[in-house]
Amino acid sequence: MSKHEQIAYNYSRIPSELWDLVVKNLPRDDQRQCLSVSRLFRDHARPLVFSRVTVQIGMWRVEDQEDGFIAEDVAFMVECNAMYTEMLQYIAGDAKFAKFVKEFSVFAHTQGYCEPDDDIEDEAETDRRVFIFEQGSHEVLPAHIIEALEVLPHLRSFRWYGTSPPLTSSVLDVLARTCGPTLAELSISVLDPDDSDSEDASQYLAQFKNLQTLSLAGESRQFPLYHRDENVEPQLTALAKNAPDTLRYLSVWRDAVWASPPSVFSGLHELSLQDPNSFESFGSVLEQCSQLRTLNILATDSESGPQLTTAFEAAPRALPHLVSFKLICSPSVHGYHPASVDNPDPIITFLQGKTGMRRVDLALNEPFANMDAYTRFLGIFTALPRLEVVGLQLQGKNFTREHMTLLDERLPLGLSALLITWNFQVFAGVSIEDWIAMLKRRVSLGYVHVLDQAGNLDLRPPLLKDHPPATELLGYGSRLSGIERDATTGKWTFAPLWEDTTMSFRTVEDFGCEDWEWLLRYHDGHGLRAYYVRVVVTASLAHPGLAAEFLHPFFYRSEIKEKEY
């Protein structure tokens, strides 16, 4: 008898609960592959793969791409509209499948115009495609979205990014009726200004009995808004005023946040302030947020810095349970009078008393006046023994060996992620090798990113060759990719760069780590490319994962060979 006799095994005898755990812990791409393996794997993978549904209307582009659609773009988007229409119809018609859906996201960004295309001489054909696309985007797809939402009783998260087409009150109405008791997360921007019912949209919030996360234009991926539309802030203010007391996470754009009831602030675990015009009411919020664990602040107005420091100076012991703190002073959207903090001492004092702090990200937009100021700033990190995730802005004229030595002494050795917003113009006695040696002493460092405003600190190539043992992800400006060993040579290589759309949205799922997503949040003004919704890239540059991410079971049926094990 052979020593290696093959033994047949009936895999169906393995408990179903064990297979659920196996498939649940696979990467998302591998979960999708399971749909085509067998009936057994398909049954375990379907609830996971299709728990998240995304509808993309139009396409994003980066700032430096040309304006205007081209005919090829429109043809591609017409095809995508047809695919999403079929997917939504499938959900609406299959009650069993609809129960899988837990998260529903819409990316709405169809603004733009169609430029002449020299390859297509028939202008009438181009016009026909544009008409089909616009009708599908603004009429057909939104109607099918509502039909699909009608049959999603287990939906827990709904997100609508973008404003073209804008969110309507009818979407909120169907959400309230269908999943009012189950919806835990709602992320929206501005409602349709032409919707006569949008003024009363705040009434729907009271119907979400278990809502825990609310974002009102509180994420950069929801922009641009109609900044000059006088209806935007009143809409958001009315929604914030009617926010339910069940909230634990709140993120709001501009001054609408100050309208939230004190009872909401008192129960929050995370508060994100997205570019308020004024922080005069911030002091009272510090007093009310007694349970807060995470505070994220993006400030762009020149008056923000003094107002913030005044509030922190008046309440140095506020927020005793804080474990994450982010303060980003960024250039304003108009490019003048940016926010900055020229006296960080009140913020330093406020943070030094938070011994449970795990994450700190500070970009105060102010050069260090001298070595004493630099030393006081870095003193924050020595007072926080549990610190694991750090973002810091370093800017000045000359970065010397004394600066490097102090940075190495003060940064915690247990860091798992580090973001440096860099703007020192000259190195004086400091080499790239010194940077690598400093980073390698942080053996748990999994993610390193440099936003290099001076253009002289690209650490990705040397870190690829010589990095801490835990390093998985390296970033420089808008370039971000993982690292992996080449199977043939054994040498470290860069994985494919993240695509423009991925860099724009930067979800937790993209990073695979909530800490890493949090660290890069709000840094779009510090060296990342700017993203808009006006136009799209060509079909050949479209996200290669688009079809795989959003196909529904209909597209898999012909590929699966049903097997019994």
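Q: Under which relative accessible area does a residue count as buried?
A: Relative accessible area is taken with a 1.4 Å probe and protein chains only. Exposed means over 50% and partly exposed lies in between, while buried means under 20%.

Q: What kind of model is this, and from which number are residues counted?
A: This is a predicted model, in which local features need pLDDT of at least 70, side-chain atom pairs count only at pLDDT 80 or more, and totals for chains, interfaces and linings use all residues. Side-chain values use heavy atoms, without hydrogens and water, and residues along each chain are numbered from 1.

Q: Is K326 buried or exposed?
A: K326 forms a salt bridge with D361 (a side-chain nitrogen of Lys or Arg within 4 Å of a carboxyl oxygen of Asp or Glu). The relative accessible area of K326 is 0%, so K326 is buried.

Q: Which strand holds the residue E185, which pairs with R159?
A: The E185 and R159 side chains meet in a salt bridge at 3.1 Å, N to O. R159 lies in strand 4 and E185, 26 residues apart in sequence, lies in strand 5. Strands here are DSSP runs (E, at least two residues), numbered from the N terminus.

Q: Which residue of strand 4 is the bridge partner of F107?
A: Strand 3 (residues 103-109) and strand 4 run parallel and are joined by six bridges; two strands pair if DSSP finds at least two bridges between them. The bridge partner of F107 in strand 4 is Y161.

Note on methods
Helix = DSSP H or I, 4+ residues; strand = E, 2+ residues; numbered from the N terminus.
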